[in-house]
Amino acid sequence: MSFNVLIVDDSKTIRAIIAKTLKLAKLDIGEIYEAGDGKEGLECLKTKHVDVVLSDLNMPVMTGLEMVAAMAREGLIEKIPVVVVSTDGSTARIEELKQQGVREYIRKPFTPESIGAVIEGVLGVRKA
């Protein structure tokens with residue numbers, strides 16, 4: 001069964017790299033949606049079926065952490081797993097994110113294998 005991904009990052013280049021990496025990981029992907037910040041990400045979640053969110057932390061307008069907090073308030077964080085993709089990877093920061101409801105953390109730079117393994121684990125799926 002294919003799944004839909006929402007990539008939230010203020011860099012269009014990074015969004016394209018993540019999308020390409022997901023395809024290289026040979027995951028069974030349906031649609032890939034993109035948002036330039038947390039606010040756009042939340043709007044996408046209102047109109048599209050999304051199975052997993054991959055989000056950066058540091059973005060203008062609304063950060064990834066603010067988006068996660070809004071998802072928690074709306075009861076979405078339990079239904080739609082969020083994976084943070086960022087360079088900010090201290091142990092304390094990762095622990096804080098997980099307390100907020102983030103399921104996993106992927107440190108930039110990443111490989112197709114690492115992103116594939118995290119997505120598989122979060123969604124409980126196998127590669128196509």
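This is a predicted model: local features need pLDDT of at least 70, side-chain atom pairs count only at pLDDT 80 or more; totals for chains, interfaces and linings use all residues.

Residues are numbered from 1 along each chain as its sequence is written, and side-chain values use heavy atoms, with hydrogens and water left out.

**The sheet**
- Five strands form an open sheet in the order 2-1-3-4-5, with parallel pairing (strands are DSSP runs of E, at least two residues, and helices are runs of H or I, at least four, numbered from the N terminus; two strands pair if DSSP finds at least two bridges between them).
- Strand 2 (29-35) and strand 5 (104-107) are the edges, each pairing on one side only.

**Strand 4 and its partners**
- Strand 4 (residues 82-86) pairs with strand 3 (residues 52-55) over three bridges, in the parallel sense.
- Across from strand 4, V53 faces V82 and S55 faces V84.
- On strand 5, E104 is the bridge partner of V83.
- Five of the five residues of strand 4 are buried, so the strand is largely enclosed by the rest of the structure (buried means under 20% relative accessible area, with a 1.4 Å probe and protein chains only).
- V82, V84 and S86 lie on one side of strand 4, and V83 and V85 on the other.

**The helices**
- Helix 2 (residues 38-47) lies across strand 1 (3-8), strand 2 and strand 3.
- Helix 5 (residues 112-123) packs on the sheet and touches strand 1, strand 3, strand 4 and strand 5 (contact means heavy atoms within 4.5 Å).

Key: Axes are lines fitted to C-alpha atoms, for helices over the stretch in contact, and angles run from 0 to 180 degrees between N-to-C directions. Buried means under 20% relative accessible area, exposed over 50%, partly exposed in between (1.4 Å probe, protein chains only).
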